[in-house]
Amino acid sequence: MIDTAEERKRSRLFLLIAGVREMGIGVFIILLIIAVSMRSPYFLTVDNFRDILMDIAILSMVAIGETLVLLTGSIDLSVAATLALSGMIVGMTISGHGGIPPAVTLLMGMGVGAVLGSINGLLVTKGRIPPIIATLGTLSIYRGLVFAISGGAWVDAHEMPKSFVYLSKNTALGIPNLVLIAIVVAVIFYYFLNHTRTGREVYAVGSNPEAARVAGLRVGRILFLVYLLSGILAGMAGVLWISRYASAQSDTAAGFELQAIAAAVVGGVSTLGGSGTIPGVLLGSLLLGIIINALNLIRISPFWKLAVQGLIILLAVVSDALMSRRLQRAQSLEKAS
């Protein structure tokens, strides 16, 4: 009896800790900043942190789109290819028509992303193709289309209007537009997931698809919606990417899908679906951005950066699986009491 009581106490403590997972990520980020600052004097500077925020702004937008898909228990491996294709189409368009307003280019990128995301959604919902297979296939198709429409050529800075290049680089109240756009996106989707019926349905579908169907939820519609939104965010990110780097390349954002998935999973989004928050994704993006920036400052080989990125994903997935099992046990004990 004493052992059971003690176990229930530990379970309640675990439930409390699980409810504030973001706090643990925040503490780790602070410790990492201190450790890297001791190694490199250039890390803890205003300019460097501005660069980190600029880098993770695009990452966080793509990771939020990926999070919506992961919350349903699915996955989207085509986000980086969608980003690249949307960016290339917009880049080639503005190179020939320089008078297009920057805001319109954002809408163009979102439109292209919506089409590409819809294709993923239809393959998964109507075609009944497993998400990992469907999006792996579209990843290759979209990447191939980037080369096909560009002929392997790049759209360089001199072919882009200055107003477009400054879309991401201008500032408001001292904050870069790119960071402000990422904040707006995060606020919108935080509200969507936490304060709308559809947002709650996304969590319900990921927690238990069969129960969601029995409850009358249109699971196929929710799945299509999250792929559509993921595509829209990736398309917008593609426009901001080529604006920031003033270049649309045939290999833009190669491997970026891994960073997006890593940011989401490290931020506490369960790969099994039904669990995760937007603040957690932002912290996961920040953590990943700090790690990549730190590896650059201390001049670690690019090959090691890929290895570290893969290790982060593995550790996050393993810890998520262990925590999910422990959480289920803790919840069972809590209900039994």
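**Helix packing in a predicted model**

Me: Which handedness does the crossing of H3 and H12 have?
Reply: The model is predicted; local features need pLDDT of at least 70, side-chain atom pairs pLDDT 80 or more, while totals for chains, interfaces and linings use all residues. Numbering starts from 1 along each chain as its sequence is written, and side-chain values use heavy atoms, without hydrogens and water. Helices are DSSP runs (H or I, at least four residues), numbered from the N terminus. A crossing is right-handed if the near helix is turned clockwise from the far one by less than a right angle, and H3 passes H12 in a crossing that is right-handed.

Me: How are H3 and H12 oriented to each other?
Reply: Axes are lines fitted to C-alpha atoms over the stretch in contact, with angles from 0 to 180 degrees between N-to-C directions. The axes of H3 (residues 46-71) and H12 (residues 256-266) come within 8 Å and cross at roughly 70 degrees. Angles of 65 to 115 degrees count as roughly perpendicular. H3 and H12 are therefore roughly perpendicular.

Me: At what angle do H9 and H11 pack?
Reply: H9 covers residues 197-207 and H11 residues 219-245. Their axes lie 10 Å apart, and the angle is about 105 degrees.

Me: How far apart are the end C-alpha atoms of H11?
Reply: The expected span is 1.5 Å times one less than the number of residues. H11 has 27 residues, so it should span 39 Å; the end C-alpha atoms agree, at 39 Å.

Me: How many residues of H11 are buried?
Reply: Buried means under 20% relative accessible area (1.4 Å probe, protein chains only). H11 is mostly covered, and of its 27 residues the buried ones number 21.

How values were computed. Helix = DSSP H or I, 4+ residues; strand = E, 2+ residues; numbered from the N terminus. Parallel < 35°, antiparallel > 145°, perpendicular 65-115°, else oblique. Buried < 20%, exposed > 50% of the residue type's maximum accessible area, 1.4 Å probe, protein only.
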